[in-house]
Amino acid sequence: MLDVVLDWRRAHPGVAVERVVVRGNPLLAARTDRPDIATGRESQVSVQHAVAAALLEGQAGPDQFTDESARDPAIIAMRRKVEVVRNSAIPTIAAEVELWTTDGTKHALSTSASRGSPANPMSDRDIEDKLRTVAAAWRGGHDVQPLIEGVWDLDRSKDVSKLLALTVPR
C-alpha cells in the first residue's frame, strides 16, 4: 500500500489530499488500524500514520516513524483523513487505496502484491538502498558497502565469520 501511495505522491507533487480510503484484507486492519498514536514506536504499526507521512513527506523511511513525526501536527491532521476498510476478498499481500484531492478528483490506486512479498520481490538495489537508509539512521557515516559485498559473496566465502565482523562499525 505504501508503494502505491509513494508512487502517486511522486507523480503528483504538491497536490493536496482531502480524504484517503485504504482497503485491505481484515488482517491489515487488525494489525495496523491505529489512527490515534503518540510515539514513533506506535507509528510503525499505524497505517494511518504511514499513509499520512508518505503523502506529506514523500518518504516512508526511519525519519517518518519517530516520536517527532508521530507528534507532527500536519501528520496528525492527515492521519484523521485516512479511513481503513476491511475487505476479505483482498489477499493479505494486496491493497487498494482511493485518494480524493482538494479539487474533488478521485485517484484509485492498487497493488496485487506488496513490494518485498514473494510475488513482488525487492530488487537487489532496493535491498541495498534499504540497508543504507537504515544504517545511516542508526549511525551516520557507517559504510555498509563492505557488508553488502560480503552478503552477495557469501556463497563463495570460506569464512563466514568475517561477514559478522562487517556488521559492527569500527
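This is a predicted model: local features need pLDDT of at least 70, side-chain atom pairs count only at pLDDT 80 or more; totals for chains, interfaces and linings use all residues.
Residues are numbered from 1 along each chain as its sequence is written, and side-chain values use heavy atoms, with hydrogens and water left out. Local features need pLDDT of at least 70 and side-chain atom pairs count only at pLDDT 80 or more, whereas totals for chains, interfaces and linings use all residues.

Colleague: Which pattern does the protein follow when read along the sequence?
Modeller: Helices (H or I, at least four residues) and strands (E, at least two) are taken as DSSP runs, numbered from the N terminus. On that basis the secondary structure comes to nine helices and four strands. Read along the sequence, they give the pattern α-β-α-α-α-α-α-β-β-β-α-α-α.

Colleague: What covers the buried residues of helix H8?
Modeller: Buried here means under 20% relative accessible area, with exposed over 50% and partly exposed in between (1.4 Å probe, protein chains only). In H8, residues 145–152, the residues Leu147, Ile148 and Gly150 are buried. Because they cover an arc of only 160 degrees around the axis, they sit on the same side of H8, the arc being that of the directions from the helix axis to the C-beta atoms. Their cover, in contacts defined by heavy atoms within 4.5 Å, includes helix H7 (124–138) and helix H9 (161–165).

Colleague: Against which elements do the buried residues of H1 pack?
Modeller: In helix H1, the residues that count as buried are Val4, Val5, Leu6, Trp8 and Arg9. The elements they pack against are strand S1 (17–24), H4, strand S3 (95–101) and strand S4 (106–111).

Colleague: Which helix gives the largest share of the lining of the largest pocket?
Modeller: On a 1 Å grid over the protein atoms alone, a pocket is an open set of points where a 1.4 Å probe fits, with protein on both sides within 12 Å along at least five of seven lines, and lining residues have an atom within 4 Å of a point. The largest pocket holds about 1,400 Å³ of space, and of its 36 lining residues the closest to its centre are Leu2, Asp3, Ala60, Arg115 and Lys130. Helix H1 (2–11), helix H2 (26–32), helix H4 (47–57) and H7 each supply at least two residues of that lining. The largest share, six residues, comes from H7.

Colleague: With the side chain of which residue does the side chain of Gln48 make a polar contact?
Modeller: Gln48 lies in helix H4 and is buried, with a relative accessible area of 1%. A polar contact is a pair of N or O atoms within 3.5 Å; within protein, one must be able to donate a hydrogen and the other to accept it, and residues adjacent in sequence count only if both atoms are side-chain atoms. The backbone nitrogen of Arg34 lies 3.0 Å from a polar atom of the Gln48 side chain. The side-chain partner, at 2.5 Å, is Asp33.

Colleague: What separates the C-alpha atoms of Pro62 and Val134?
Modeller: Pro62 has its place in the loop between H4 and helix H5 (67–70), and it is partly exposed, with a relative accessible area of 32%. Not counting residues up to four places away in sequence, Pro62 touches Thr133, Val134 and Ala137. Although Pro62 and Val134 are 72 residues apart along the chain, their C-alpha atoms are separated by 6.8 Å.

How values were computed: Grid points are joined across faces, edges and corners, and a volume is the space filled by probe spheres set on the points.
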